Every structure is written in structure tokens, then in C-alpha cells.
Amino acid sequence: MEEFYSGFAQRARDLAEKADPFTRRRLLDLAKRYDARSKPGGNTRPRPPPRTTPPSTIFSGSGEA
């Protein structure tokens, strides 16, 4: 998996060389993210907490405000 992300990082850098300044900045940022993922334990973004359903008593009632 490391080779997969590092390959994408290199591809983004190659494209950035020929891009306009705005796109270059975005591509280099993307390459940084791919580099981080290509390293062992590199998934730096924590997973969001599981969704919880509110108690059903909130939704019971006549529906009038």
C-alpha cells in the first residue's frame, strides 16, 4: 500500500510542475497527504466517532411548535 500512495504523491508533484500557482499549491498539498499515508502508521486523520441516535422521546409529541 505504501507504494500505491507514494506513486500518487509523485504523480501529483509531476503535475504540479506544469500547473498554475493555485493548482500547484493544491497538488503539492495533496502530495503531502499521500506521503503521510505511504509511511507506516501514516493514516493521520482520526476516524470520526460513531453516530448515535437521539432518544425517541425527543420526537414524540403532537408536532406543534
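Modeller: Helices are DSSP runs of H or I with at least four residues, strands are runs of E with at least two, and both are numbered from the N terminus. Here, aspartate 20 lies in the loop between helix 1 and helix 2. This is a predicted model, so local features need pLDDT of at least 70 and side-chain atom pairs pLDDT 80 or more, while totals for chains, interfaces and linings use all residues. Residues are numbered from 1 along each chain as its sequence is written, and side-chain values use heavy atoms, with hydrogens and water left out.

Colleague: Is aspartate 20 buried, partly exposed or exposed, and what are the cut-offs?

Modeller: Buried means under 20% relative accessible area, exposed over 50%, and partly exposed in between (1.4 Å probe, protein chains only). Aspartate 20 has 41% relative accessibility, so it counts as partly exposed.

Colleague: Which side chain joins that of aspartate 20 in a polar contact?

Modeller: A polar contact is a pair of N or O atoms within 3.5 Å; within protein, one must be able to donate a hydrogen and the other to accept it, and residues adjacent in sequence count only if both atoms are side-chain atoms. The side chains of aspartate 20 and threonine 23 are joined at 2.8 Å. At the start of helix 2, a side-chain oxygen of aspartate 20 also comes within 3.2 Å of the backbone nitrogen of phenylalanine 22.

Colleague: How many aromatic pairs are there?

Modeller: Rings of Phe, Tyr and Trp (its six-membered ring) pair if their centres lie within 6.5 Å; planes under 30 degrees apart are stacked, over 60 edge-to-face, the rest tilted. That rule gives four aromatic pairs. Phenylalanine 4 and tyrosine 5 have ring centres 5.3 Å apart and planes at 75 degrees, so this pair is edge-to-face. Phenylalanine 8 and tyrosine 34 make a tilted pair, with 5.4 Å between centres and 40 degrees between planes. Phenylalanine 8 sits in helix 1 (residues 2-17) and tyrosine 34 in helix 2 (residues 21-38), so their pair ties together parts 26 residues apart in sequence. Phe4, Tyr5, Phe8 and Tyr34 form one aromatic cluster.

Colleague: Which residues make up the largest nonpolar core?

Modeller: A nonpolar core is a set of buried Ala, Val, Leu, Ile, Met, Phe, Trp, Tyr and Cys residues joined through side-chain atoms within 4.5 Å. The largest has six: Ala9, Ala12, Ala16, Ala19, Leu27 and Ala31. Helix 1 and helix 2 each supply at least two residues of this core. Helix 1 gives the largest share, three residues. Contact means heavy atoms within 4.5 Å. Setting aside residues up to four places away in sequence, alanine 12 touches Leu27 and Ala31.

Colleague: Which residues of helix 2 are buried, and which exposed ones face away from them?

Modeller: Leu27, Ala31 and Ser38 are the buried residues of helix 2. They cover an arc of only 45 degrees around the axis (taken from the directions from the helix axis to the C-beta atoms), which puts them on the same side of helix 2. These buried residues pack against helix 1. The face turned away carries the exposed residues Pro21, Arg25, Arg26, Lys32 and Arg33.

Colleague: What does serine 38 reach with its side chain?

Modeller: The side chain of serine 38 reaches the backbone oxygen of aspartate 35 at 2.7 Å. Serine 38 has 13% relative accessibility, so it counts as buried. Leaving aside neighbours within four places in sequence, serine 38 is in contact with Glu2, Tyr5 and Ser6.
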